[in-house]
Amino acid sequence: AIIRHDSFRIKGTIDQSSDGQLAILSIMDDHQTIVRSDTSIIDQGQILFEGNEYLNSLSFIIIEDKYGIKTHPRLDLFLEPGIISASFFGAQPHMGGTLLTDAYMEYLDSMRYSNAEIVKIGPKWENDIFLIPGTNLVGL
């Protein structure tokens with residue numbers, strides 16, 4: 001299938017035990033208000049969304065069961081032109097395939113890594129002071 005220069009296609013994969021659940025793509029405006037939603041019923045572990053680019057704000061995909069209960073972590077993404085792959089396997093969903101999507105995923109991975117490292121070296125007692133090396137507070 002041909003993708004227009006201003007449209008996106010999201011091809012997602014998820015465990016087949018999620019078949020029949022809903023993938024919900026929500027598009028938000030600058031005020032974090034949902035302005036449009038689309039749904040995809042998961043079939044054979046596959047999710048598909050298509051539409052026009054929307055780069056004003058992050059959008060997100062959530063997976064819900066038939067009771068409306070979220071069953072997987074939320075995936076934030078930019079709806080830029082091209083084919084975006086999304087995977088809902090593991091503890092955190094992953095995406096890729098387009099320039100912004102790849103850069104945003106790299107940023108999220110870096111933030112998760114940094115946060116995990118900070119937890120490792122963080123204060124062990126309630127009254128400890130925690131300083132990150134190389135910051136202005138270290139010199140005080």
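The legends below describe close-up views of a predicted model of one protein chain.

**View 1. Overview of the protein chain.** Of the 140 residues in the chain, 34% count as buried. The accessible surface comes to about 9100 Å², and carbon and sulfur atoms account for 56% of that area. Among contacts between residues at least 6 apart in sequence, 50% join residues at least 24 apart.

**View 2. The open sheet of four strands.** The strands of this sheet lie in the order E3-E2-E5-E6, and their pairing is antiparallel. Strand E3 (34–41) and strand E6 (75–79) form the edges, each pairing on one side only. From one strand to the next, the twist averages 25 degrees. In general, the strands of a sheet pair through backbone hydrogen bonds, in either a parallel or an antiparallel arrangement.

**View 3. Strand E5 and its two partners.** Strand E5 covers residues 54–64 and pairs with E6 in the antiparallel sense over four bridges. Within this pairing, Tyr54 has Leu79 of E6 as its bridge partner, and Phe60 stands opposite Asp76 of E6. E5 is also joined to strand E2 (residues 22–28) by six bridges, and these two strands run antiparallel. Here Ile27 stands opposite Ser59 of E5. Strand E5 is mostly covered, with eight of its eleven residues buried.

View 4. Strands E2 and E3 pair in the antiparallel sense over seven bridges. Ile27, which stands opposite Ser59 in E5, also stands opposite Arg36 in E3. Five residues lie between the two strands of the hairpin. Gln32 is located in this loop between E2 and E3. Although Gln32 is not a glycine, its phi is positive, at about 60 degrees. With a relative accessibility of 49%, Gln32 counts as partly exposed.

**View 5. Ser37 beside Ser26.** Ser37 belongs to strand E3. Ser37 and Ser26 are eleven residues apart in sequence, yet their C-alpha atoms are 4.4 Å apart in space. A polar contact of 3.5 Å joins the side chains of these two serines. Leaving aside neighbours within four places in sequence, Ser37 is in contact with Leu25 and Ser26. The relative accessible area of Ser37 is 47%, so this residue is partly exposed.

View 6. Ser57 is found in strand E5. Ser57 counts as buried because its relative accessibility is 7%, below the 20% limit for that class. The side chain of Ser57 reaches the backbone oxygen of Asp29 at 3.4 Å. Apart from neighbours within four places in sequence, Ser57 is in contact with Met28, Asp29, Asp30, Gln32 and Phe78. One of these residues, Gln32, lies in the loop between E2 and E3.

**View 7. The largest nonpolar core.** This core has 23 residues, and those with the most contacts inside it are Ile10, Ile47, Phe49, Ile61, Ile63, Leu79 and Phe88. At least two core residues each come from strand E1 (7–13), E2, strand E4 (46–52), E5, E6, strand E7 (82–87) and helix H1 (99–121). E6 supplies the largest share of the core, four residues. Leu79, among the core residues with the most contacts, is also the bridge partner of Tyr54.

**View 8. The contacts of Ile47.** Ile47 is one of the residues with the most contacts inside the largest nonpolar core. Leaving aside neighbours within four places in sequence, Ile47 is in contact with Ile10, Lys11, Gly12, Ile14, Ala23, Ser40, Ile42, Ile63 and Phe88. Among these partners, Ile10, Ile63 and Phe88 are likewise listed with the most contacts inside the core.

**View 9. Gln44 in the loop between E3 and E4.** Gln44 is found in the loop that lies between E3 and E4. Its phi is positive, at about 55 degrees, although Gln44 is not a glycine. Gln44 counts as exposed because its relative accessibility is 56%, over the 50% limit for that class.

Conventions
Residues are numbered from 1 along each chain as its sequence is written. This is a predicted model: local features need pLDDT of at least 70, side-chain atom pairs count only at pLDDT 80 or more; totals for chains, interfaces and linings use all residues. Side-chain values use heavy atoms; hydrogens and water are left out. Two strands pair if DSSP finds at least two bridges between them. Axes are lines fitted to C-alpha atoms, for helices over the stretch in contact, and angles run from 0 to 180 degrees between N-to-C directions. Buried means under 20% relative accessible area, exposed over 50%, partly exposed in between (1.4 Å probe, protein chains only). A nonpolar core is a set of buried Ala, Val, Leu, Ile, Met, Phe, Trp, Tyr and Cys residues joined through side-chain atoms within 4.5 Å. Contact means heavy atoms within 4.5 Å. A polar contact is a pair of N or O atoms within 3.5 Å; within protein, one must be able to donate a hydrogen and the other to accept it, and residues adjacent in sequence count only if both atoms are side-chain atoms. Accessible areas come from the Shrake-Rupley method with a 1.4 Å probe; for residues, only the protein chains shown count as cover.
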